[in-house]
Amino acid sequence: MDLEKNLQITAEDNLIEEAYQKYKSLKKLVNEWQELNGASFTEKVELSDKPPYLLVRNFPLDTVLNLWQKLNLHTNIKISDAELIKIWGVAVINENLANTEIDQELLMHLQMTISGLAQLVNEKVNNEDSNNIRKALVNDYREINCPVCGEIPAITALKPPNGNRVIHCLVCNNERNYRRNSCIYCDNSDTKKLMYLNNEIYPGIEVVACKECGQFFKEIDARHLVVDDYTWEDIRTLPLNFAAELWLKENVSHSKKVH
Ligand SMILES: [Zn+2]
Ligand SMILES: [Zn+2]
């Protein structure tokens, strides 16, 4: 029985290790691309006057295709730009094309591409010395969507030394302050309606599930857990998402939204 359990755990560990190696090699390519093309990309890209500064859907498509194809090529996926544009339409612009099944690997490459570009946009926003208004707006911004890329956040972090809480955008890495002990989606601060789920396998990270709005997000205690890649940390701790989904299913009435 124990042996069976151990074998199962080893198999899961191997799968995670395999996924990590794959993720790491793609991430390396994205970093190389950023070093080579980042400066010209940030220079040509135009920011909006107010947040969100550059929605993902408005990213220059030629640049998206360039980086996306680099990742596809690396894993021997041969696909035309025209096909990729169709997928972009479905996945990002929400065009409704019937019978479009998107390959999961292509989708993962697209997510890494978007992230690679969004991080550069975030750096541009943070480096805009000439326009302090931009910085001020980022700090005072009250919407839940990311002020830089417009995506919905899924993770927060408690920063050293005092445990100040920030919302961390997994797409562009933007960080902004948010008060502790409340739900980032509905601002509920009734602690009786917030459930913190954790597991000893994942020290320093919890899922906060909110009974009020039926949604959940992860919280990393960065005072104790040093994380250099939030995206990987989010993928690695996927079982916590399942636990949160289960808890919400059992504790929230069906009329409330569960994502
Ligand atoms: Zn963002
Ligand atoms: Zn909530």
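Trainee: Which residues make the contact?

Mentor: From H2 they are Leu61, Val64, Leu65 and Trp68, and from H3 they are Asp81, Leu84, Ile85 and Trp88. Contact means that the C-beta atoms, placed from the backbone, lie within 7 Å.

Trainee: At what angle do H2 and H3 pack?

Mentor: Helix H2 (residues 61-74) and helix H3 (residues 81-91) pack at about 110°, and their axes are 11 Å apart. Axes are lines fitted to C-alpha atoms, for helices over the stretch in contact, and angles run from 0 to 180 degrees between N-to-C directions. H2 and H3 are therefore roughly perpendicular, a label for 65 to 115 degrees.

Trainee: Is this model predicted or experimental?

Mentor: This is a predicted model, where local features need pLDDT of at least 70, side-chain atom pairs count only at pLDDT 80 or more, and totals for chains, interfaces and linings use all residues. Residues are numbered from 1 along each chain as its sequence is written, while chains are lettered from A and ligands numbered from 1 in the order in which they are written.

Trainee: New topic: how many helices and strands are in the protein chain?

Mentor: The protein chain has seven helices and six strands. Along the sequence, the pattern is α-α-α-α-α-β-β-β-β-β-β-α-α.

Trainee: And which residues touch the most other members of the largest nonpolar core?

Mentor: Those are Leu117, Ala118, Val121, Val148 and Cys149, in a core of 45 residues. A nonpolar core is a set of buried Ala, Val, Leu, Ile, Met, Phe, Trp, Tyr and Cys residues joined through C-beta atoms within 7 Å. Buried means 20 or more other C-beta atoms within 10 Å of a residue's own, exposed means 12 or fewer, and partly exposed is in between.

Trainee: Which helix gives the most to this core?

Mentor: H4 does, with seven residues.

Trainee: Last one: where is Tyr230?

Mentor: Tyr230 is in helix H6 (residues 230-236). Tyr230 counts as partly exposed because it has 19 C-beta neighbours inside 10 Å. Leaving aside neighbours within four places in sequence, Tyr230 is in contact with Ile155, His168 and Leu170.

How values were computed
Helices (H or I, at least four residues) and strands (E, at least two) are DSSP runs, numbered from the N terminus. Angles under 35 degrees count as roughly parallel, over 145 as roughly antiparallel, 65 to 115 as roughly perpendicular and the rest as oblique. Two residues are in contact if their C-beta atoms, placed from the backbone, lie within 7 Å.
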